[in-house]
Amino acid sequence: MEKRTVGILFGGANSEHEVSLMSSTSVLNNIDRDKYDVVMVGITRDGRWFRYTGPVEQIKDSSWEQHPDNLPAFLSPDRGVHGLITLRDGQAETTRLDAVFPVMHGRFAEDGSMQGLLDLAGIPFVGPGVCASALCMDKEYAHIVLEAAGIKTSDWFCVHKDALPPLVDLEVKIAVKLGGFPVFVKPCNAGSSVGVSKVKDSAQLEEAMRLAFQHDSKLLFERAIVGKEVEVAVLGNGQPVASDHLGEIVPKLEFYDYNSKYYDDTADLYIPARVTDEETQLIRETALRAFQALGCKGLSRIDFFLLPDGSCILNELNTLPGFTHISMYPKLFIDSGLSYAGLIDRLITLAIEA
Ligand SMILES: Nc1ncnc2c1ncn2[C@@H]1O[C@H](COP(=O)(O)OP(=O)(O)O)[C@@H](O)[C@H]1O
Ligand SMILES: [Mg+2]
């Protein structure tokens, strides 16, 4: 079979830059090199693009940025190019790409903007398209679409920086709409728990909002759910499948924060989750409904709370979930019988088929 050329994008100008470095290192170390020629493109924290040809090991610690062979490069929206333009000694070189896997998370990666550029360029890419990516990224719009589809989310409301109600009014809203403290305060557009706080009383409110506003001008307030935190992985286009089992997260601290996700040992993960078969089926089915309601394709990791009465609440859909060797998305499909390399292959094939 003819080899395909796949662009792997890593880094990104967002708060999940480092997570992308870890995810892309795993993808680059596992992608089937007999089947795919890999073109690496790194995006720095300040949004500069480079064609990278150095060792994969230099990605994780950011030292790739200093590599002497780096060349300025960018995806061309010109469909005739169908790929990358690299600048070498003032000359433009073009590299055709059969597909792109943006192994990046969050803003300018998972929010529809990169997908728009790839659409203009006419290049197939891994993950949902512009609209689904944007809807899943913005927690307010995701909640609205989920509600319209009859899928339960936590009780919520949003506030905008430029139309901020006085603190006393906010507290009334928290009491009336969310049943009082504790509540979760989150930036509507972020990820990896960046800017998320659990607020236990009114004294903690302003600090939580200040923190969340560092990442977005719109905040989501949510009722704090007491239940099991479970995740399911979905793969496919028109006929998506859910992983056989769920993953369960048991945070040892207040909640599953950034450090527990990537650095320390403050959360226990269980695959399969310690739930009944009925609960597993409910979550798998609800995840597939949500995937379709939001118009997803390719992949998503869909996160839920499972309540003591056996019902579930959908927390969020991650359209480009963490892909490190310890990440739940690949682990759930490995548990379902795929290999890590097989999963990457499947994702690229789905991108091209779509
Ligand atoms: N409404 C909620 N009730 C209970 N825990 C929550 C709630 N919202 C978020 N959390 C906790 O905070 C973590 C991060 O919140 P999440 O909405 O998933 O943000 P992110 O998009 O940054 O991952 C979750 O994994 C969970 O542990
Ligand atoms: Mg989350």
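View 1. A backbone N or O atom of Tyr256 lies 3.1 Å from an oxygen atom of ligand 1, in a model that is predicted. Ser193 likewise contributes a backbone N or O atom, which is placed 2.6 Å from an oxygen atom of the ligand. In Glu229 it is the side chain that takes part, with one of its N or O atoms 2.4 Å from an oxygen atom of ligand 1. Of the 540 Å² of accessible area that ligand 1 has on its own, the protein covers 96%.

**View 2. The shell of residues around ligand 1**. There are 19 residues around the ligand, of which Lys139, Lys186, Ser193, Ile225 and Glu229 come nearest. Sorted by class, this shell is made up of 7 nonpolar, 5 polar and 7 charged residues.

**View 3. Strand 1 and its pairing with strand 2**. Strand 1, which spans residues 4-11, is mostly covered, since 7 of its 8 residues are buried. It runs parallel to strand 2 (residues 36-43), and the two are joined by 8 bridges.

Note on methods: Residues are numbered from 1 along each chain as its sequence is written. Chains are lettered from A and ligands numbered from 1 in the order in which they are written. This is a predicted model: local features need pLDDT of at least 70, side-chain atom pairs count only at pLDDT 80 or more; totals for chains, interfaces and linings use all residues. Side-chain values use heavy atoms; hydrogens and water are left out. A residue is near a molecule or strand if one of its heavy atoms lies within 4 Å of it. A polar contact is a pair of N or O atoms within 3.5 Å; within protein, one must be able to donate a hydrogen and the other to accept it, and residues adjacent in sequence count only if both atoms are side-chain atoms. Accessible areas come from the Shrake-Rupley method with a 1.4 Å probe; for residues, only the protein chains shown count as cover. Ala, Val, Leu, Ile, Met, Phe, Trp, Tyr, Cys and Pro count as nonpolar, Asp, Glu, Lys and Arg as charged, and the others, Gly among them, as polar. Buried means under 20% relative accessible area, exposed over 50%, partly exposed in between (1.4 Å probe, protein chains only). Helices (H or I, at least four residues) and strands (E, at least two) are DSSP runs, numbered from the N terminus. Two strands pair if DSSP finds at least two bridges between them.
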